[in-house]
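I opened the structure today and kept a running notebook. The entries follow in the order I looked things up.

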Amino acid sequence: MRRSWALRQRVSEARFPGRRWLVAGLGNHGMPGTRHSVGMAVLGQIARRLGVAESWARDSRCAADLALAPFGDAQLVLLRPRRLMNVNGRSVAQAAELFGLAAEEIYLVHDELDKPLGKLALKLGGSARGHNGVRSCISCLNSSAMPRLRVGIGRPTHPSMIEAHVLGRFSPEEQELLSPLLDQAADLLLDHIRARSQEPPVGL
């Protein structure tokens, strides 16, 4: 309770003087460790990297766990929705309104069936490509401009196996690939945000 109150106090302060970015790890609340929630695992790695792994606080205004992390002259708002994947966009949009952020300032981190485990790709906006969490974000934000970090989980051989695959946990063999993958994902995302933070904001 005290941590949530402290976070609300910080959120209610005047707008951060530097650049601020929202990074949302998409997934199913209450189902950590599954392939579909690998975006949340990446966020956990970023939080550890930035020294805020113990700073997560629940914020009822956006039904999410939030952690605020300094990043050079910028600030990252790390967000893990406390909702199911198909309605993650509600949490992301509510947090965007809370922090006064545009779609271009929001990063989505999510699983990607069409890439094998161990592969990453940074996509700058565009369609949801069949991902329900991304589709929810596009609908709730009324924009498709959000950059996305797509984390490969591989596609099963038969379409009927997709639901069990994405909701299942990584195998022991996959776990060996997962640890370095989370590091690589954090590197890729933070490098991109660092470069963008050095650019002048649009409109200035």
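What share of the residues in the protein is buried? I am working from a predicted model. Buried residues make up 51% of the 204 residues.

**Entry: overall fold**

I listed the secondary structure next. I found six helices and seven strands. Along the sequence they follow the pattern α-β-α-β-β-β-α-β-β-α-β-α-α. The radius of gyration is 16 Å, close to the 17 Å that the globule rule gives for 204 residues, so the protein is as compact as a globular protein of that length. I also took the extent of the C-alpha trace along the principal axes, which is about 50 × 40 × 30 Å. Then I looked at contacts between residues at least 6 apart in sequence. Of these, 71% join residues at least 24 apart.

**Entry: helix H3**

I picked helix H3, residues 88-99. H3 has twelve residues. From its first C-alpha to its last I get 17 Å, close to the 16 Å expected at 1.5 Å a residue. Which residues of H3 are buried? I noted Asn88, Gly89, Ser91, Val92, Ala93, Ala95, Ala96 and Phe99. Just after H3 comes Gly100, with a positive phi of about 65 degrees.

**Entry: helix H4**

I moved on to helix H4, residues 132-141. Its buried residues are Gly133, Val134, Ser136, Cys137, Ile138 and Leu141. What do they pack against? I found H3, S5 and S7 as the partners of these buried residues. Asn142 follows H4 and has a positive phi, near 55 degrees.

**Entry: positive phi away from glycine**

I checked two loop residues for backbone angles. Ala63 is not a glycine, yet its phi is positive, at about 45 degrees. Ala63 sits in the loop between strand S2 (57-59) and strand S3 (64-71). Is Ala63 buried or exposed? Its relative accessibility is 19%, so I count Ala63 as buried. The cut-off for buried is under 20%.

Arg129 is the other one I noted. Its phi is positive too, about 55 degrees, although Arg129 is not a glycine. Arg129 lies in the loop between strand S6 (120-124) and H4. At 47% relative accessibility, Arg129 counts as partly exposed.

**Entry: cavity**

The volume of the largest cavity is about 40 Å³. Its lining consists of His110, Glu112, Lys123, Ser127, Ala128, Arg129, Val134, Arg148 and Arg150. By type, I sort the lining residues into two nonpolar, two polar and five charged.

**Entry: Arg35**

I looked up Arg35 in the loop between strand S1 (20-25) and helix H2 (38-49). Is Arg35 buried or exposed? With a relative accessible area of 9%, Arg35 is buried. Which residues does Arg35 touch, leaving out those up to four places away in sequence? I list Asp111, Ile153, His165, Val166, Gly168, Arg169, Phe170, Ser171 and Glu174.

**Entry: Phe170**

Phe170 is one of those contacts of Arg35, and I followed it up. Phe170 lies in the loop between H5 and helix H6 (172-197). At 8% relative accessibility, Phe170 counts as buried. Beyond four places in sequence, Phe170 touches Gly33, Thr34, Arg35, Val38, Leu117, Ile153, Gln175 and Leu178. I also took one distance here. Phe170 and Val38 are 132 residues apart along the chain, and their C-alpha atoms are separated by 9.7 Å.

**Entry: Ser160**

My last stop was Ser160. Where is Ser160 placed? I found Ser160 in the loop between S7 and helix H5 (162-167). Its relative accessibility is 58%, so Ser160 counts as exposed. The cut-off for exposed is over 50%. Ser160 and Arg49 are 111 residues apart in sequence, and 38 Å apart in space, C-alpha to C-alpha.

Methods:
Residues numbered from 1 in each chain as written. Predicted model: local features only at pLDDT ≥ 70, side-chain atom pairs only at ≥ 80, totals over all residues. Heavy atoms only, no water. 1 Å grid on protein atoms, 1.4 Å probe; cavity = no way out; pocket = protein on both sides within 12 Å on 5 of 7 lines; lining within 4 Å. Points joined across faces, edges and corners; volume = space filled by probe spheres on them. Nonpolar A, V, L, I, M, F, W, Y, C, P; charged D, E, K, R; others polar. Helix = DSSP H or I, 4+ residues; strand = E, 2+ residues; numbered from the N terminus. Expected span 1.5 Å × (residues − 1). Buried < 20%, exposed > 50% of the residue type's maximum accessible area, 1.4 Å probe, protein only. Rg over C-alpha atoms; globule rule 2.2 N^0.38 Å. Contact = heavy atoms within 4.5 Å.
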